[in-house]
Amino acid sequence: MDKDAVKEHIHIGEDGHIYTHTHDDNGKHTHKHIHENTKAVVNRLSRAIGHLESVKRMVQDDRDCSEVLIQLAAVIAALNNTGKVILQEHIENCIVVAVESGDKKAIEDLNKAIGQFIK
């Protein structure tokens, strides 16, 4: 990202506190997101990938459809639970900062992401 493309942005909260952050030319925040659970999320995803590979092998081995569906449901549940961890962390960190700084776009982006996540 071109440093000249970053624009500092100031919000004044309802309490009078001044919050400063930056946006790039596409309107995206350039603040560093805090991801405390990165290792746990990566581990969950790795397990889900391994489990999905097992389901793939089950299909290739012509295993019983009921068994495949049960294992596929387990993979879907694992991914949904991983998504919940990411969502919770996003709300507790990034959205708190956005609300404190009066950043309404972050809330709109979160609502859009939740809509996609729970389809």
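**A chat about a predicted chain**

Biologist: Which element of the protein chain has the lowest mean pLDDT, and which has the highest?

Modeller: This is a predicted model, where local features need pLDDT of at least 70, side-chain atom pairs count only at pLDDT 80 or more, and totals for chains, interfaces and linings use all residues. Residues are numbered from 1 along each chain as its sequence is written, and side-chain values use heavy atoms, with hydrogens and water left out. pLDDT is the predictor's confidence in each residue, from 0 to 100, while helices (H or I, at least four residues) and strands (E, at least two) are DSSP runs numbered from the N terminus. The lowest mean, 52, belongs to strand E2 (residues 18–23), and the highest, 96, to helix H1 (residues 38–60).

Biologist: What is the average pLDDT of the protein chain?

Modeller: Where pLDDT is low, the predicted coordinates should not be read in detail. In this protein chain, 71% of the residues score at least 70, and the average is 81.

Biologist: In what pattern do the helices and strands follow one another along the sequence?

Modeller: Let's start by counting: the protein chain has three helices and two strands. Read along the sequence, they give β-β-α-α-α.

Biologist: How far does H1 reach from its first C-alpha to its last?

Modeller: H1 has 23 residues. The expected span of a helix is 1.5 Å times one less than its number of residues, which gives 33 Å here. The modelled helix comes close to that, reaching 33 Å.

Biologist: Which element do the buried residues of H1 pack against?

Modeller: Buried means under 20% relative accessible area, exposed over 50%, and partly exposed in between (1.4 Å probe, protein chains only). Val41, Ala48, Val55 and Met58 are buried in H1. Their packing partner is H2.

Biologist: Why does Val41 count as buried?

Modeller: Val41 has its place in helix H1. It counts as buried because its relative accessibility is 9%.

How values were computed: Contact means heavy atoms within 4.5 Å.
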